[in-house]
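Dear colleague,

I am passing on the structure that we discussed, and below it you will find my notes on what turned up when I went through it. Please read them with the model open beside you.

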Amino acid sequence: MENPYMPYPVRIDDIEVATEDKSLKTFTFVFLNPGDEEKFAYKAGQFAELSIPGVGEIPIGIASSPVEKGFVKFTVFRTGVVTSHLHNMKKGDIMGIRGPLGNWYPWEKLENKNVVIIGGGFAFTTLRSSIVYMLDPANRSKFKNIDVVYGARSPGMLLYREELFDWEQRDDINMHITVDGTDDPDWKYHKGFVPQVVEQHAPTADEDTYAIVCGPPIMIKFTQPALTKLGYQDDQIIMSLENRMKCGIGMCGRCNIGKELVCKDGPVFTLAEINQTPKEY
Amino acid sequence: MNFITIDKSNWTKGIEKSRGTYQIFGPVEDENGCQIKSLEPGGQPKMNADVTVMSPKSVLFPQTETILTADLDESKEDHHIMKRAEQKYTPRAVLGIRPYDARAIQLVKLNFDTKDYRDPYWCDAYEATTFVGIGQNRPTPFDFSTSTGCGPFSEEGLDVLLADLDDRYLAKVLTPKGEAWAAACGFDAGADTKESQVLFDILKKEAEKNISTDLGTDKLAQKSILDLYEAPFWDDVAFSCINCGTCTFVCPTCWCFDIQDETKHKKAARFRNWDTCMSPLFTNHASGHNPRESKVHRVRQRFMHKLKYFVDKYDQGIMCVGCGRCVASCPVNIDIREVCTIMNNYEKK
């Protein structure tokens, strides 16, 4: 068994400012050793530790999709020591990626189901990975209707804007893009908070419909009752949790909610599962 | 199973002889009390110490340990590429480890050696180590190891168990590692198996008589996590706690750690340190949000982890071996025996 603390060496291939306030950047990495990409085989919903020698590591959801080859992408919010350092790095710099870590959205269970993706703010990274995965020509027929509700504070704070607007044009995915507010007279999408848009536009539940929810705590808090109103049972609501992590492999002991370790048993849980654990996230 | 008699007049000579093969660890007195430490040549383990202040977990899990290194000098071809830090895992023998501490290592193994991931630093050290335990003829007043699935003459996790018979040790050799250690020491005076076992049984019985605590843990598994978590007694349990972390520091089963990076000139090192769930920083998010923000959260986490989450996750009993170190060391007299009793007896109204 390989050393689970050893990151794969990668080179920063591209850096893109992701939001108008520049607090988020999308990093594209290429593996230095060609064989490592295969070892890093991941599924949509997993995360990895971005590892900067001498600075530290941070757990970040994988934003690229398993169907995209040759690189991996992460969108990172600048907030602490490691992310601030990362934001100041440049193309060509060498660092490490350790993973993939954690579980993933339950893709086998979601086959032949309607999938409703609900995201807010910068918690849209693994959701982007999921959408790209589902829309891939090899996979689209495995899923029934796909709806996406995604909101941010303002148009400039939406992640992956070009892709969002491309998806908007397609007929095999129903996009419900929203912003809290904007003074742009040409804004042609929704205005309002995510829970409202969910209540008004998300499909009502039947036994073949699942919701994947990822967002800030306040969005999750108000989205849950909206989904319940639409008839979703707690085991049809799939969520991805975050906690402070170090090892990412279930050993260092800090990210637990009850007996579940968010890094290894999660980060993906159904609401029904979360209801059985202390709310320590 | 074979038994060996070791005359105490030969003990020192045998240990010195084994240095050709083993690095020796054992209990020694220093300015901080009795500790399990690496013994320099000539240094002798204090085999009759009551208890060591710190557990021997540091032999496999040092308080701080470099795990990876990297060169940051961009003129070097492999700059910024991390490598495993060089450590030696030559054979080592821990002499005089208490049976409860040997069981603790087996419990910690559940964390570091799993079907999904293997912690190479802990596992390599574990494989290199031979555990030569000593039965506790006189358990301390804090000892409640008979309630935790071990006891003063428990053999779990040991390669050799010694019984102290004043002028000699009677050694029960339990594994091939134990045989190799005895051979390296030149201890080869066989003892009658049947008689020796009878003697062990008597010593065990006598020793266990000295342990007065009979801790109930039988009802922990059947309770719901949320019922215990939401129980009304946690404020009282945590009231006097000052979150100093001493309990986690001395505990032989506390395995939580932190990972940190440091640089010196152009060299980077990633290392891990013991951490403690008593610290708010343990769970503090970068956003400032802390899911265990109050000391009540943190005290509850420690006891729930040891007495409920672990029980449910591994089905190996509680994550406590009854050494009593946390009870003896706590500056405000929080007693895991009392908390365990409260939890075990709790019924949701």
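Where in chain A does P267(A) lie? P267(A) sits in the loop between β14 (260-261) and β15 (268-270) of chain A, where helices (H or I, at least four residues) and strands (E, at least two) are DSSP runs numbered from the N terminus. This is a predicted model, in which local features need pLDDT of at least 70 and side-chain atom pairs count only at pLDDT 80 or more, while totals for chains, interfaces and linings use all residues. Residues are numbered from 1 along each chain as its sequence is written, and chains are lettered from A and ligands numbered from 1 in the order in which they are written.

**Backbone details**

The peptide bond between G266(A) and P267(A) is cis, with omega about 10°. Another cis peptide bond joins G99(A) to P100(A), with omega about -5°, and P100(A) is found in strand β6 (residues 94-101) of chain A. Most residues other than glycine have a negative phi, and most peptide bonds are trans. K22(A), in the loop between β1 (8-17) and β2 (24-31) of chain A, has a positive phi near 65°; K22(A) is exposed, with 10 other C-beta atoms within 10 Å. In chain B, H265(B) has a positive phi near 50° and is likewise found in a loop, between β11 and β12 (267-274); with 7 C-beta neighbours inside 10 Å, H265(B) counts as exposed. For burial, a residue is buried if 20 or more other C-beta atoms, placed from the backbone, lie within 10 Å of its own, exposed if 12 or fewer, and partly exposed in between.

**Chain B as a whole**

Chain B contains 11 helices and 12 strands, and buried residues make up 43% of its 349 residues. Its C-alpha atoms fill a box of roughly 70 × 65 × 40 Å along the principal axes.

Within chain B, 8 strands form an open sheet of mixed pairing in the order β3-β2-β6-β7-β8-β9-β1-β10, two strands being paired if DSSP finds at least two bridges between them. β3 (33-38) and β10 (189-191) of chain B stand at the edges, each with a single partner strand, so one side of each has no neighbour in the sheet. Strand β2 (residues 23-30) of chain B runs parallel to β6(B) and is joined to it by 3 bridges; I24(B) has A93(B) in β6(B) as its bridge partner.

**Helix α4 of chain B**

In helix α4 (residues 176-185) of chain B, the residues K177(B), G178(B), W181(B), A182(B) and C185(B) are buried. They lie on the same side of α4(B), because they cover an arc of only 135° around the axis, the arc being that of the directions from the helix axis to the C-beta atoms. These buried residues pack against several elements of chain B, including β1 (2-7), α1 (8-18) and β6 (92-97). Just after α4(B), G186(B) takes a positive phi of about 80°.

**Where the chains meet**

In the model, 39 residues of chain B are in contact with 35 residues of chain A, contact meaning that the C-beta atoms of two residues, placed from the backbone, lie within 7 Å. On the side of chain B that touches chain A, β11(B) gives the most, with 6 residues.

With best regards
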